[in-house]
Structure formats: C-alpha cells, structure tokens
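This report looks at how some of the secondary-structure elements are arranged against one another. The sequence and structure are shown first.

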Amino acid sequence: MPVLLMFYVFCMSKILFRSFEVEEKKILYINLSNILEGEKKYFILSRAFQNIGPALGRVQEEGSGPVHGFRLSTVSASQPSETGTTHEPTGLDLAMKLHYLKAVYIYSAETARDLTVMHVKAPLFSVFDQIPYIIGRFRRHDSGRPYIKCNDCGTRFVESHCDLTVEEWLRVPDRSVDESLVYHQPVGPELAFSPLLYIQMTRFSCGGLALGLSWAHVMGDPFSLSHFFNLWAQAFAGEKIYSPKTSELERVFQNPNSTVKKPNSIKRVDPVGDLWVTPNNSKMTTFSFNLTVNDLKSHFPVNGDDKFEILSGIIWKCIATARGESDPVTITVIRSDPKELKPRAVRNGQMISSVHVDFSVAEASLEEIVKSIGEARDERFGIDEIVDDVSDFIVYGANLTFVDMSEVDFYEAKVMGKSPESVYCNVQGIGDDGAVVVLPGVVEEERVVTVTLPEDEIEKVKWEMKKCGLITPLV
C-alpha cells in the first residue's frame with residue numbers, strides 16, 4: 001500500500017468532525033488534534049489531500065439572485081510551517097483589525113473559459129509557501145494582544161456560478177455590484193477557526209471568470225492585497241515568485257513631526273471582543289461611478305497636478321454641503337508611501353494622514369480645500385504608538401476618509417497574458433463618517449470612485465455631485 005494512502009487511511013480513522021455556526025451557516029472543520037501535534041490542532045487537509053477536497057465541499061443555495069451555487073473547500077500551503085512560527089502584528093496592523101478589503105478581478109471568456117478550479121487553486125500553494133501567516137489563525141498572548149499562529153489552516157475557497165455573461169455584468173454602471181462576488185466572513189468570534197482570507201471563484205454563463213477576495217486588513221494594505229494576487233498570477237504563468245520578508249526595523253515608522261502627539265485619523269471604539277466587526281450607528285450604503293482625468297480637468301480647473309487631491313476636494317465639498325456642515329472638520333487621507341519598500345512586501349505601510357480645517361468646507365473655494373488636503377500630516381508613528389494590546393480602533397470612517405488606490409497595480413494580474421476586464425476594490429467595516437475610495441480604471445486616464453456613507457445621506461450627496469457636474473443624472 002503506498003505511503004500516502006496509508007497515511008490517509010490512518011488520518012481518516014482519527015478525524016473528529018466539529019461543526020459550528022457562523023452567521024447561521026455551518027462550516028465543517030476537521031480537528032486532527034489526536035494525530036497531529038498541538039501546533040496543528042486545527043490543520044485542514046492541504047496539498048497532499050486536495051483530491052478529496054470536493055468531498056468536504058458543500059453546495060449552498062442562497063436565494064434566487066444571479067450568483068448562486070456556493071461550494072466551500074480549503075487551500076493551504078505545499079510545505080508545512082516550522083513548528084512554533086508566529087507573526088506579530090504592529091500597532092498599525094492592529095488598528096486595521098476591524099477593517100477588511102474586498103477586491104474583484106473579472107476576466108473575459110476568451111481568457112478564462114478553459115480555467116478549472118484546480119488551475120486557480122494550484123498556484124496558491126507556492127504563494128502561501130512564501131507568505132505563510134496569511135493562512136494562519138489568530139491567538140492571543142496572556143496580555144490579550146493578538147498574534148497569528150502560522151499553523152497552515154488555509155484559506156477558504158468558494159466556487160459559485162453567475163447566470164449573466166461578463167458583458168452583461170459589466171454593463172451595470174455602479175461597480176459596487178461586484179461586492180456580491182466576494183464571499184466574506186469577519187474574523188471571530190472563535191479566532192482559532194477564522195480564516196483571514198476568502199477567495200471566491202465565480203463562473204459566468206459565457207465562460208468568463210471573477211475572482212473575489214475578502215482580505216483581513218490586519219494582514220496588509222491594498223498594495224499588499226495586489227502584491228499577493230500578482231504573485232498568484234505569476235505562479236499561474238509558471239514564473240518563479242518571491243515575496244520579501246520585512247525586518248522589525250523596516251516595520252517601525254519614524255516620527256516625521258516630534259510635536260504630533262495624538263493622531264486624529266484614528267478613533268477608539270467600545271471593545272468588540274473576539275468578533276472583529278466595526279460598530280456602526282448608521283446603516284452604510286455604497287455607490288460608485290466612473291470619470292476620466294480629462295473630465296476632471298475640463299470641468300474643475302484648479303491649480304495643481306494631483307488628480308486625487310482635486311477629486312477629493314470636490315467630493316468633500318459635496319458631502320459637507322449635503323451634511324450642512326459649517327463647523328471646522330477633520331478628514332483622513334490614506335495614500336501610498338512614496339518611500340515604500342521595493343519589491344513590495346505584505347504589510348500595512350500605506351500613509352495615513354489627517355487634515356483639519358478652520359473654515360466651512362461647504363462655503364470654501366475648491367482651491368482652498370485642495371490646498372489644505374495637500375498639507376496632510378503623516379500620523380502612522382502616532383497610530384503605531386497609541387494602539388495597545390486590548391483596545392479596539394477604527395481608521396476608515398473615524399473621520400470622512402479619502403483613500404487613494406489609483407496607484408495600486410491591480411491590472412498587472414494577467415491571466416493567459418491578458419489583464420482583467422475590470423477590477424473593483426473597497427473597504428468593509430467603514431465607520432459612520434464614511435469613506436471615498438479612488439481606483440484606477442481599465443484605461444490609464446479613467447478612475448473608478450466608490451463612496452460609502454450612511455444610507456440617509458446618499459441621495460443628498462448624489463444630488464450635490466450632479467449639481468456640480470461630477471456625475472451624470474444616470475447614476
């Protein structure tokens with residue numbers, strides 16, 4: 001009898017099945033504690049047993065919408081992590097623990113028609129070998145501070161189907177519809193059972209493909225998510241991949257201003273325990289729209305070349321007008337760090353700044369607003385210092401937050417030599433003050449803007465955007 005088959009029979013004789021409820025959905029976990037050392041207590045069958053994965057999958061019918069037929073399985077690394085390996089999040093990492101990133105890559109039928117589930121899963125093995133902590137699970141030190149145990153528990157992989165073609169799906173102008181292509185569960189309430197990454201593979205009726213990611217922000221920023229997915233694309237193409245490790249020194253942020261004490265871009269919230277979900281007093285709603293850089297320049301002539309700052313100024317003024325704000329306000333600006341490590345590592349390294357103005361934004365000139373945004377102060381050092389072992393914070397939506405993802409190389413994730421037809425990304429777990437995310441479009445001069453605000457503000461803000469000419473009446 002082959003050695004692998006003998007080991008399989010031995011494992012099957014010892015497996016204890018444990019089911020538990022996560023938002024009224026049972027997910028099957030395999031407890032190998034009787035046959036594996038304690039470090040692998042919740043180890044779920046990895047590469048050696050991928051062939052039996054479908055037997056553990058489960059079809060979930062959810063309503064009668066165009067996306068249906070959910071089947072769950074697990075993917076892990078090809079090599080086990082060294083026993084006792086852990087990953088210690090920084091203060092900035094933990095400030096992001098109530099936030100998640102949702103990204104969707106859509107490929108045409110011509111590109112993806114012949115791709116099978118195993119074609120998509122196989123490159124993940126080598127990527128997880130490079131970055132093992134993203135398939136680990138959280139634990140807590142005696143102090144209460146969370147850390148990741150690199151125990152190879154894997155990521156949850158979800159298969160689904162869509163009744164529409166790629167062309168029909170992309171015909172919808174509001175790209176926030178793409179969030180229905182992302183399977184998401186928050187971390188918790190049982191940290192030892194909670195994946196940090198979900199990957200949903202949706203097959204369109206034409207043969208096209210969507211790959212949706214739910215990424216715990218505590219692992220890394222949007223540039224890290226993009227780096228991870230680009231590694232997958234490179235491994236899929238048969239290229240040798242490499243993800244650099246960051247040293248402890250490189251993970252420490254320098255204080256650019258010794259007079260800055262308390263960061264204004266972060267907000268302490270009531271303790272959430274082990275269920276990492278942002279507490280909201282309002283129901284949040286999202287919409288998105290497209291525009292071109294040329295449209296921005298022609299309709300809003302302002303001194304300066306920074307398109308993100310100009311666009312943020314326009315939207316800030318619209319929101320302030322809709323809210324009837326006349327008092328001084330503070331906003332948060334999140335952008336790439338021009339000094340970021342190259343090649344890219346998985347970490348939270350994005351620059352987080354705050355802007356405080358002592359004038360009414362609703363009544364101010366666009367020139368004055370844009371100038372103030374350009375004077376934003378980097379607060380990462382203060383955030384890293386203020387986050388302790390047990391407190392909970394939010395960043396996105398602590399103030400009205402503007403996020404520049406226009407420099408994230410989403411469209412570098414090529415399959416069969418072809419870039420995605422569309423890429424969408426947004427933040428899950430935005431606080432009540434809302435957030436605006438600016439994404440690159442499929443062509444260089446295009447931008448996709450996603451706005452998340454309290455439900456009762458959305459129509460007012462849209463009306464202000466229409467009045468100033470930022471969006472058309474069709475949105």
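This is a predicted model: local features need pLDDT of at least 70, side-chain atom pairs count only at pLDDT 80 or more; totals for chains, interfaces and linings use all residues.

## Helix 9 against helix 10

The axes of helix 9 and helix 10, the latter spanning residues 366-373, come within 9 Å and cross at roughly 120°, which makes helix 9 oblique to helix 10.

On the side of helix 9 the contact is formed by E309, I310, S312, G313, I314, W316 and K317, and on the side of helix 10 by L366, I369, V370, S372 and I373. Sorted by class, the contact of helix 9 with helix 10 comprises seven nonpolar, three polar and two charged residues.

## Helix 9 against helix 12

Helix 9, which covers residues 307-323, also packs with helix 12 (residues 455-468), at an angle of about 125° and with the axes 9 Å apart. Helix 9 and helix 12 are therefore oblique to each other, and helix 9 passes helix 12 in a right-handed crossing.

Here helix 9 contributes I314, I315, C318, I319, T321, A322 and R323, while helix 12 contributes E457, K460, V461, E464, M465 and C468. The contact of helix 9 with helix 12 divides by class into eight nonpolar residues, one polar residue and four charged residues. I314 of helix 9 takes part in the contact with helix 10 and in the contact with helix 12.

## Helix 5 against helix 7

Helix 5 (residues 117-130) and helix 7 (residues 222-236) pack with their axes 8 Å apart and at an angle of about 115°, which makes helix 5 roughly perpendicular to helix 7. The crossing in which helix 5 passes helix 7 is right-handed.

From helix 5, the residues that make the contact are H119, V120, P123, L124, S126, V127 and F128, and from helix 7 they are F228, L231, W232, A235 and F236. In terms of class, the contact of helix 5 with helix 7 has ten nonpolar and two polar residues, with no charged residues.

Three strands form an open sheet in the order 5-8-7, with antiparallel pairing. Strand 5 (86-87) and strand 7 (137-140) are the edge strands, each of which pairs on one side only.

Strand 5 pairs with strand 8 (residues 146-149) in the antiparallel sense, over two bridges, and the bridge partner of H87 in strand 8 is I148.

Technical notes. Residues are numbered from 1 along each chain as its sequence is written. Side-chain values use heavy atoms; hydrogens and water are left out. Axes are lines fitted to C-alpha atoms, for helices over the stretch in contact, and angles run from 0 to 180 degrees between N-to-C directions. Helices (H or I, at least four residues) and strands (E, at least two) are DSSP runs, numbered from the N terminus. Angles under 35 degrees count as roughly parallel, over 145 as roughly antiparallel, 65 to 115 as roughly perpendicular and the rest as oblique. A crossing is left-handed if the near helix is turned anticlockwise from the far one by less than a right angle, and right-handed if clockwise. Contact means heavy atoms within 4.5 Å. Ala, Val, Leu, Ile, Met, Phe, Trp, Tyr, Cys and Pro count as nonpolar, Asp, Glu, Lys and Arg as charged, and the others, Gly among them, as polar. Two strands pair if DSSP finds at least two bridges between them.
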